[in-house]
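Dear colleague,

I am handing over the structure below, and after it I set out what was found. Please read the notes with the coordinates open beside them.

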Protein chains: 2
Amino acid sequence: MRDVAEKDAHKNPHLIEDRIIHAALSGRVAPGERLGEKELSEIFGVSRTLVREAMMRLQARGIVEVSARRGWFVIEPSVEEARHTIDARRALEVGMLVTLERASPAMIRALREHVRAEQKAIASGDRAERSYLLGHFHVCLAETLGNPVLASLLQDLTTRTVLIAALYQSSHDAHESCGEHGGIIDALEKGDATEAARLMDVHLRHVEKALNYRSASSRLEHLKAALQGSGT
Amino acid sequence: MRDVAEKDAHKNPHLIEDRIIHAALSGRVAPGERLGEKELSEIFGVSRTLVREAMMRLQARGIVEVSARRGWFVIEPSVEEARHTIDARRALEVGMLVTLERASPAMIRALREHVRAEQKAIASGDRAERSYLLGHFHVCLAETLGNPVLASLLQDLTTRTVLIAALYQSSHDAHESCGEHGGIIDALEKGDATEAARLMDVHLRHVEKALNYRSASSRLEHLKAALQGSGT
DNA sequence: GTTTTACACCTTGTATGCAACATTGCTCCT
DNA sequence: AGGAGCAATGTTGCATACAAGGTGTAAAAC
């Protein structure tokens with residue numbers, strides 16, 4: 001039986017995009033995964049046209065790419081691209097906190113709530129929810145600071161980061177990440193934006209450090225490494 | 001007679017996007033301007049399908065928006081959206097410079113070259129080229145620093161800023177802007193990234209200060225203001 | 001047995017056709 | 001004359017049809 005809820009793809013043209021982004025943030029779609037137009041059109045109960053339009057938007061957001069007449073694929077950033085992405089994130093998030101004036105109590109409360117949800121997901125062992133919330137914290141932060149433009153940019157960058165983490169088998173501990181989120185909020189609560197920015201910088205450096213740039217589970221990279229390794 | 005060069009829209013699917021972005025940066029398309037699918041399809045000699053796909057990407061990049069069954073329009077950011085956009089830019093560009101290690105002589109040279117081109121365009125009175133180069137400086141900076149991700153984000157943000165400047169009748173002087181660009185390069189050359197970041201912060205605050213949030217040349221806002229003004 | 005080649009299948013690329021709806025000018029009624 | 005309703009027109013929304021090309025398989029040649 002088909003999922004009835006999906007039929008609403010007509011009314012909300014962004015549903016397909018949102019679902020894919022959410023699935024990526026939750027770790028339910030992997031980098032390199034193929035997303036066929038026909039396949040998606042059946043899942044969402046619409047024609048290829050709408051799927052294609054959604055893919056175009058996702059392409060512009062740097063989440064998927066197309067290989068001519070082969071299909072759409074979730075991005076598999078190279079090591080260099082991964083660095084650039086995380087660097088961009090660090091620039092954006094550090095800049096965001098540095099240029100911040102003051103965080104209101106309401107903001108602090110909302111962020112604390114989010115971290116509580118993270119802890120709950122970690123405790124309950126819900127990997128998808130955990131992955132989603134840990135990534136979404138940063139989007140939430142930008143939203144809370146009241147800037148939807150930043151939030152939107154961050155959503156794309158964090159989605160890419162999650163994919164990068166999956167591709168390079170991040171060893172980053174969820175507990176640690178969650179703790180660092182808490183620390184950032186502490187600094188914000190004390191009104192010390194500079195300290196918050198510093199902690200964010202450290203946090204994102206941890207994210208990058210936890211990557212294993214050797215692992216590259218991408219088919220191509222994997223193959224290349226295998227051939228280089230066996231040949232000599 | 002039709003422009004033959006446009007026929008290449010087949011070979012480069014991003015041509016339509018690029019042209020519209022370039023036109024916006026050059027001040028040749030105004031905020032609120034209507035971009036009809038049919039109209040564009042004739043200009044580029046392709047079917048509406050390709051035009052539509054390009055518009056989808058531009059929509060995801062925040063350059064155009066669609067009004068159901070009325071058409072595509074270049075964005076007309078509200079005062080709030082304008083602030084958010086410029087704030088996001090400031091966060092990004094300040095963060096970018098703060099987290100920068102060192103600028104190589106080659107980078108400095110390329111940037112100086114760009115500023116020289118700006119001066120030339122200003123001197124020759126080529127308004128479109130001037131507008132384009134002044135905006136593109138920031139993209140160029142990110143590219144020069146070697147981060148295409150940042151460059152891409154910045155292209156979209158500066159395009160939006162240029163549209164905002166047009167909408168709110170920016171009084172920012174081209175000479176001044178160009179001078180500030182030079183100052184930033186000076187700081188980079190001295191290896192003082194912090195100072196460069198500070199100057200960038202000031203520069204972008206100038207950009208915002210130069211806006212006249214009262215003017216709002218949007219049709220709707222304009223009309224509303226006109227009616228309020230004459231009625232009392 | 002191995003290599004080459006031809007072919008069938010599957011996927012995206014692009015155009016076109018029709019439906020749904022917003023706008024606008026006209027007509028008819030008051 | 002003024003206003004309400006209606007029809008004509010133009011635009012996007014969405015689906016479908018067909019074209020172009022990539023991939024893998026199987027047959028055939030060596």
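This is a predicted model: local features need pLDDT of at least 70, side-chain atom pairs count only at pLDDT 80 or more; totals for chains, interfaces and linings use all residues.

The largest share, 3 residues, is that of α3(B). Sorted by class, the surface near DNA strand C holds 7 nonpolar, 5 polar and 6 charged residues.

Turning to DNA strand D, 18 residues surround it, and the closest are S47(A), T49(A), G36(B), E37(B) and G71(B). At least two residues of the surface near DNA strand D come from each of α3 (48–60) of chain A, α2 (37–44) of chain B and β3 (71–74) of chain B. Here α3(A) gives the largest share, with 3 residues, and the classes divide into 7 nonpolar, 5 polar and 6 charged residues.

There is also a sheet to report in chain A, where 3 strands are arranged in the order β1-β3-β2 as an open sheet with antiparallel pairing. Its edge strands are β1 (34–35) and β2 (64–67), each of which pairs on one side only. The antiparallel strands β1(A) and β3(A) are joined by 2 bridges, and L35(A) stands opposite W72(A), a residue of β3(A).

With best regards

Conventions:
Residues are numbered from 1 along each chain as its sequence is written. Chains are lettered from A and ligands numbered from 1 in the order in which they are written. Helices (H or I, at least four residues) and strands (E, at least two) are DSSP runs, numbered from the N terminus. Ala, Val, Leu, Ile, Met, Phe, Trp, Tyr, Cys and Pro count as nonpolar, Asp, Glu, Lys and Arg as charged, and the others, Gly among them, as polar. Two strands pair if DSSP finds at least two bridges between them. A residue is near a molecule or strand if its C-beta atom, placed from the backbone, lies within 6 Å of it.
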